[in-house]
Amino acid sequence: MNDTVKPTGRTAASAPSPRRRFLKDAAGVAGGAGLLALGAGMYAKQASALPATAIRPPGALPEGDFLAACVRCGLCVRDCPYDTLKLAELGDNVATGTPYFEARRIPCEMCEDIPCVVACPTGALDRGLTDIGKAKMGLAVLIDQENCLNFLGLRCDVCYRVCPVIDKAITLERMHNPRSDRHAMLLPTVHSEYCTGCGKCEKACVLPGESAIKVLPIKLAQGSKAEHYLRGWEEKEAAGGSLIGDQVELPVRGLEDKAYGDTRVKPGEGPQVPDYKPAQPAGSGLDSGWKP
Amino acid sequence: MSAQTTTGGVPERKVPPTSVRGAAMRGVVARPGQEAIEAKGWLRAHKWLLLRRASQLGILALFLVGPWLGWWIVKGNLSSSLTLGVLPLTDPFLIAQQLAAGQWPYQEALLGGGIVLAFYLLFGGRLFCSWVCPVNLVTDAAAWLRRRLGLKGGKAPAGNTRYWLLGFVLVIAAATGSLAWEWVNPVSMFHRGLIFGFGLAWGIVGGIFFYDLLIAPRGWCGHLCPQGAFYALLGRASVVKVSADRRSACNDCMDCFAVCPEPQVIRPALKGVGQDHPLILDADCTTCGRCVDVCGKDVFRITTRFNRSES
């Protein structure tokens, strides 16, 4: 464009050629614009780490793809009947304008028709998700065993009771309580296969401030599977029998009538120790309680 | 207020004292449009400005009556919306970034983007800037204050920076595989903030206001905004255009140049530089119609690109 205009009527020595001026201007402008764009890009890259408390709506693509697909229109927020979802504001540490929820504030109610996914026009929320039970918004983790009331031996069970996938996503596992030595502990245990990450457990946890059970992004909550380690019991079940043949079973003296490997004995069962009486102090003086 | 104008007995072509040139001669702050107010009355001298504000605020109100009053006419925001539950509209600038980032959106977004694209292709790309975009309210306020305070000078980047920035926005989207510009885009951020809540986004909006007021006259909309650049590219062949069809009546008061957000587009049409017809065909023109308002001589009017007549 510019270089077709001849610099007529102007002394060629005083003014640089239009072509050179154009190139110089263009270089300056391109450099400035490039820096601005690079700054925006780097900011976006740096801030794209999602804080652990921010949970994406059901059906959200993996975070990288999600940030390419979500246009930040808020239609999912509008169609969420429980005001669970909100759009990130600048300063929220979540990509500006993208939808998320905080389970401790308002958890996902797992609507069967999944209106947020239906509302999404771009595919950032994948319509392939039609069964909310298959959602993987995150994974609940009983993260604070020191303050969880069930771990202290009480029967709180609230996270287990509110779980929409009760007895699958959270079960109560009975354990011996070594502190009292005579009670059981019923430990809430999350199973990743069924947990949708809805966060109702985190919301319901009775602890006053932070919850003992928290929904975390799956990446944070789960380790990678050890690929070289074959789980014998799974292999055995898949093969329909032991892969190394039956083991030789040798009898255990005194426990011949029990199942192989069962070494539990009831009082009075098994080899008995003769009656034992603690030594009595000589004479009939008072017991001072002193022991060597 | 400026001094009273005395119109009686002066020659027709005399430069009015309140205009940009008249004020410069007298060494006072100019009041562009003052002459038009006296010649046409306040209402007619603000006709397009009022219509434009009604359009901007009306569109914003359509988005806001949902969350405020529960009347769900339009859901979403300018990035993507659903009107009355049936009409999807999506910003084609976002779809362009999405495609650059390697994401193929669902049909609604493509359909909505197509509708918006067709509208602006047909009627004029930068109609978005002056009739829809909420940032225009901010930058117009800054420009108005700049004129009222008589702030001169400043350093604005070259006008084609926005096109470079537009290119880089798409490159960065492709490089990061995400809508990187949308982390900071003040246009979508401002509109979304008004509807969904701001956080610290006020800082960015305030930054644009003070940048335009103190550093670069018309700096954001006129030089930097890649979204405006995108819509300018859309509007290269659009129909609605401003014409200086009564340019013979121009008295060189310079008021139109003072209020125009893209003053470089006026000269070819008004002064016949490089073209013989009076149409403003430059895609940078936002068709805001402010030049029509402030001209006391009714030089400009809004017409179509097919009307090259001159009167």
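Reader: Which conventions apply to the numbering, the chain letters and the confidence of the model?

Author: Residues are numbered from 1 along each chain as its sequence is written, while chains are lettered from A and ligands numbered from 1 in the order in which they are written. The model is predicted, and local features need pLDDT of at least 70, side-chain atom pairs count only at pLDDT 80 or more, and totals for chains, interfaces and linings use all residues.

Reader: At what angle do helix H8 and helix H12 of chain B cross?

Author: Helices (H or I, at least four residues) and strands (E, at least two) are DSSP runs, numbered from the N terminus, and axes are lines fitted to C-alpha atoms, for helices over the stretch in contact, with angles running from 0 to 180 degrees between N-to-C directions. Here the axes of H8 (residues 161–176) and H12 (residues 226–234) of chain B come within 8 Å and cross at roughly 100°, which means that H8(B) is roughly perpendicular to H12(B) (65 to 115 degrees). Two residues are in contact if their C-beta atoms, placed from the backbone, lie within 7 Å; among those making this contact are Leu165(B), Leu166(B) and Val169(B) of H8(B), together with Ala229(B) and Phe230(B) of H12(B).

Reader: How many residues of each chain take part in the contact between chain B and chain A?

Author: The size of an interface is often given as the accessible area lost when the parts come together. Counted by residues instead, 48 residues of chain B are in contact with 38 residues of chain A. H8(B) gives the most to the side of chain B that touches chain A, with 8 residues, and the residues of that side divide into 26 nonpolar, 18 polar and 4 charged. In this scheme Ala, Val, Leu, Ile, Met, Phe, Trp, Tyr, Cys and Pro count as nonpolar, Asp, Glu, Lys and Arg as charged, and the others, Gly among them, as polar.

Reader: What is the strand order in the open sheet that contains S1 of chain B?

Author: Strands of a sheet pair through backbone hydrogen bonds, either parallel or antiparallel, and two strands count as paired if DSSP finds at least two bridges between them. The order is S1-S2-S3 in chain B, with antiparallel pairing, and S1 and S3 are the edge strands, each pairing on one side only. The twist averages 10° from one strand to the next. S1(B) and S2(B) are joined over 4 bridges, and Lys75(B) has Leu82(B) as its bridge partner in S2(B).

Conventions: Parallel < 35°, antiparallel > 145°, perpendicular 65-115°, else oblique.
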